[in-house]
Amino acid sequence: MNTWIYIAIFIFLSLFFPTLLAVAGWFLGPRRPNPIKEDTYECGLETVGETWVQFKIQYYLFALVFLVFDVELVFLYPWAVAYHKLPLYAVGEGVLFIALLAAALIYAWRKGALEWS
Amino acid sequence: MIPLNWYLLVSAALFALGLFGVLSRKNAVAILMGVELMLNAVNINLLAFWRYRAPTEATGLAFAVIVFAVAAAEVAVGLALFIAVYRRFKSVAADEINLLKW
Amino acid sequence: MTVMQIVFLITAVVTLFAAFRVVTTPNMVHAALWLIVTLFGAAVFYALLQANFLAVAQVVVYIGAIAILMMFVIMLTRREMRDRGPQTGKQWPWAAVIAAAFFGGLVWLGQQAALPAAPKADVPKDSIAQLGQALVSPNGFVIPFEVASVLLLAALIGAVYLAWTRHQS
Amino acid sequence: MGILSQPVGAIAAWLQALLEGWGLAPGLTKVILYLIGAGLVATLVQVWVIFLIWFERKIIGRFQDRLGPNRVGPYGLLQPFADLIKIITKEVILPAKADKAVYLLGPIVMNAGVLAIWAVIPLMPMVGMDTNIAALYTIAVGAFATLGILMSGWASNNKFALVSAIRTVAQMVAYEVPTVLALLVPVLLAGTMSLHGIVKAQHVWFVIFAPLAFLIYFIASVAEVGRTPFDLLEAESEIVAGFHIEYSGMVFAIFYVADFLHAFTIGALAAVLFLGGWRGPGAEAFPLLGVVYLWIKAFAVYFLVVWARGSLPRVRIDQMMDFSWKFLTPLALILLVVAAVLDHFVIGLGVWGRALSHLAANAVVAWLVLQYLEHYDRARARQRPMVAQPGQYPEARPPAPVETSPETAS
C-alpha cells in the first residue's frame, strides 16, 4: 500500500506544479482581452465554418491495431515476469501467443490497413 | 478496513448507470460507453471478490485480465460497425438506423 | 472511519459522478473525458484492492487505448464540434426506472449474502508472477490465454474488414 | 547506518524521529515524509528543465555553427531565466470559441503524464519507490501525455490544432507499440517489472544483452516525444505550429517544459532499463554516487536525442508510420521471441556467457535484417529504376513562348 501512497502523492504533485505555473501566468500576466485576440488563429484568415472534422479512416485503423497490440501486451507482461519459473512448453505457449499477434499484424499489413495514403 | 459490500455497492451503482446509458442514449458510441461502464463494474466486482475470498490464488486476476481482452475486442468491432454504419447512413444515432425494424 | 475508508468514499463519489456525467452529458467528447475519469476511478479501486497489475493495466488498456479509440471515432463520425439537441432518447424515464430497479435488486441481493468484512489473507508479493504462471499453466488458464489471443486476432480482422474499404481512400 | 552509506535512509529516520517527537501519528509522519521526498524529486526534475533548455539551445547552436545564447550571464546561462520572466508577463489568451475547462486541463494533464514517471525511477540504491509494476507504470502514465495532447487539440477549436493533435496521437500510439515490446525484453531478462529489480539484475548492462532492443526503445521513445526527426506534430509549414497554436503565455510554457522534460525522462528510463541505472564503481557503498552515475547516463542519452535533432531532417508522415508498423514492430516481435527462447537455454552459462550469447543472437538478427533490407531495396530498385529509362517520361515540352502584352510591346 505504501507504494500507492507515494505514487498518489507524486501524481498529485505533478498535477499541482503545472497548475501552479498556469495560475502564476494568469495572475502575473496582463489581461486585456478583445474579440480579435480571442478569435481562432488561422494566419490572419477568418475561419470558415465549424471546426469541421472528418478524418481519414486511417487514424481509426492505426488506433485499432494499437488497441489490439496493447491488450495482448498486457497478457505478455505477467508471462515475462514469470519467465524464469516457466518450463519450456510454457515459453512455447508465450511464443505461440506472440505468433498470433504477428499474424494480426501481417493481416493488417496485407489488407493495407497500415498504409498511410 | 473497507467492508466487501462497499465495493459491491459501488459496482452495482456503476452497473446501473451503465445500464441507464445503454438504454437511454441515442448515439451509438455513447451506448458503447455505457457497456464499458458495465464491464468495469463487473471487473470491480470480480477483483473485490478475489481480494476478500481468494487473494492467494491468481484466479480472480486472470479472470479480470480476460475481461480486458473481451472489452477490447467488443470496442474494436463495435466501433468498426459504427463507422460502417456511419458511412452508409451518415449518422450514428441508434434510433435513426431502422432498416431492419419493420 | 479509517483513512482508507475516506479515500474509498472520495473515489466512489468521484467515479459515480463521472459515470453519471458519461450517461447524461450531451457533448460526446465530454462524455468520453468523463468516461476516462470513471475508468481512472476504477483503477484506483483496483489499487485499493491491491490488484496492482490490474490497476496499471486498466490505465494502459482503457485510458491509453480504448478511450483514445472512442474519441477518434467520435471525431470521425461527426461533422460538427458540438452536438445539437438532446442526446438522450424519449425512452429515458423507462430506462431510469429499469436501471433503478436493477440497482435495487442488486442491493437486495447483496443484503441476502453473508459477506466478509475483511480479507482472509494478504496478497502475496509475487502475485504478478503467479498470474503469469497461471496464464500458461495447463491446470490454469492456458486455453483462455490462447483463445484471448485468437479472439483479438478475430476482432482485428473483423474490424479492419468492416471499417476499411479500398475504394474509400 | 551512516550518512554516507544510507544518506536518504538516515535523513528519513532522523526526520521521522523528529516529527514523532512532536506527537504526530506514525501514519501521518510517513505521509509527510513521502510528501517531502516526492516534492524534492519533482521540484528537482522540474527545475532541471531550466538547465536543459539552456543546454539544448547551446548545443543546437553549435551544431548549426552559431554561438547559441551568450548574452545573459556567463555563457548565456541565465537566458532561460530571462525567458521565464518574459513569458510570465505575457498574457494568457483564452480563445473565445475554446472549450475553456478542457483547454486549460490539456497542458496540465500532459505535463503530469511526463513528470509522474519520475515516481518510480530508482535514483540510487534504496531511493525511488520500489513497486512491482513500475515498468508498466511508465507506459500507463505516458497514456496521459497522449490524452493531454488530444484534449488540448480538441478544446482549442481550431482546425490546425485538431489535425495536429490527431496526427500526434496517431504517431504516439504507433510508436508506443515498439516501445512496449522493447520494454518487455529487459523485463523478461530480469524476471521482474520493478525498476529497482531491473537495475539490480544488470550485473552486465542489458544494452549488451539486447543492443537492438535498446535501439528500438530509443528510437521509438524519441518518436513518442515527437522530437526531430519525428517532429511532424509541429511541422510549421503544414499545420502552423501544432496542437498548441492557440496557447500563449505561461500555459504554452507548460507544453514547452513538458517537451524538454519528456526528452530527458526517456534518457533516464533508457539508462535505468538498459544502461545499468545507478550502477557504477562504488555506487553500492556510496549511494550518492549512484545519482551521479544515473544522471550522467541519462544525460548521455539526452545528448543523443539533441544530436539527432541537430543532424537529421524531418521524415514524411507515411514514412514515419511505415517505419513503426512495418519495421520496428516486427523486429521487436522477433527480438522478443529470440530472447525468450534463447534465454531458456543459456541461463545456466553464468552472467557473461548469457550476455555474450544474447549479443551473438542479436548480431545474427541484425545481419539478417540488413540482408533482408538490401534484398528489398534491390527488388524495389528493379521495379522502379532510379534512372529514367528512355520513353519512361513524356518528352519535355519546349518552354512556352513568353507572351508579350500589347502594353509592353508598344
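Two residues are taken to be in contact if their C-beta atoms, placed from the backbone, lie within 7 Å, and the legends below describe views of a predicted model.

**View 1. The side of chain C that touches chain B draws on helices H1 to H6 of chain C.** In this predicted model, 73 residues of chain C are in contact with 58 residues of chain B. Two or more residues each are given to this side of chain C by helix H1 (3-24), helix H2 (28-48), helix H3 (52-76), helix H4 (92-112), helix H5 (127-136) and helix H6 (142-163) of chain C. The largest share, 11 residues, comes from H4(C). Sorted by class, the side of chain C that touches chain B holds 58 nonpolar, 13 polar and 2 charged residues.

**View 2. Chain C is built from 6 helices and 0 strands.** Read from the N terminus on, the elements of chain C follow the order α-α-α-α-α-α. The radius of gyration of chain C is 21 Å, well over the 15 Å that the globule rule gives for 169 residues, so chain C is more spread out than a compact globule. Along its principal axes, the C-alpha trace of chain C spans about 55 × 40 × 30 Å. The chain is divided into domain 1 (1-82) and domain 2 (132-169), and the C-alpha centres of these two domains of chain C lie 24 Å apart. Of the 169 residues of chain C, 47% count as buried, and among the contacts in chain C with a separation of 6 or more, 46% are accounted for by residues 24 or more positions apart.

**View 3. Helix H3 of chain B and the residue that follows it.** Helix H3 (residues 59-89) of chain B has 31 residues, which at 1.5 Å a residue should span 45 Å, and the end C-alpha atoms of this helix are 44 Å apart, which agrees with that expectation. H3(B) is followed by B:Lys90, a residue whose phi is positive, near 55°.

**View 4. The contact between chain B and chain A.** Here 6 residues of chain B are in contact with 8 residues of chain A. The side of chain B that touches chain A has, by class, 6 nonpolar, no polar and no charged residues.

**View 5. Helix H6 of chain D, with a kink at D:Glu176.** Helix H6 (residues 159-190) of chain D has 32 residues and reaches 46 Å from its first C-alpha to its last, close to the 46 Å expected at 1.5 Å a residue. Within H6(D), a kink of about 25° lies at D:Glu176, shortly before the proline D:Pro178. Because 31 of the 32 residues of H6(D) are buried, the helix is largely enclosed by the rest of the structure. Just after H6(D), D:Gly191 takes a positive phi of about 70°.

View 6. Not counting residues up to four places away in sequence, D:Phe264 touches D:Leu52, D:Ala298 and D:Tyr302. The C-alpha atoms of D:Phe264 and D:Val49 are separated by 8.5 Å, although these residues are 215 residues apart along the chain.

Key:
Residues numbered from 1 in each chain as written. Chains lettered and ligands numbered in written order. Predicted model: local features only at pLDDT ≥ 70, side-chain atom pairs only at ≥ 80, totals over all residues. Helix = DSSP H or I, 4+ residues; strand = E, 2+ residues; numbered from the N terminus. Expected span 1.5 Å × (residues − 1). Nonpolar A, V, L, I, M, F, W, Y, C, P; charged D, E, K, R; others polar. Domains from an automatic or database assignment. Rg over C-alpha atoms; globule rule 2.2 N^0.38 Å. Buried ≥ 20, exposed ≤ 12 C-beta atoms within 10 Å, placed from the backbone. Bend = angle between axes of the 7 residues up to and from the residue.
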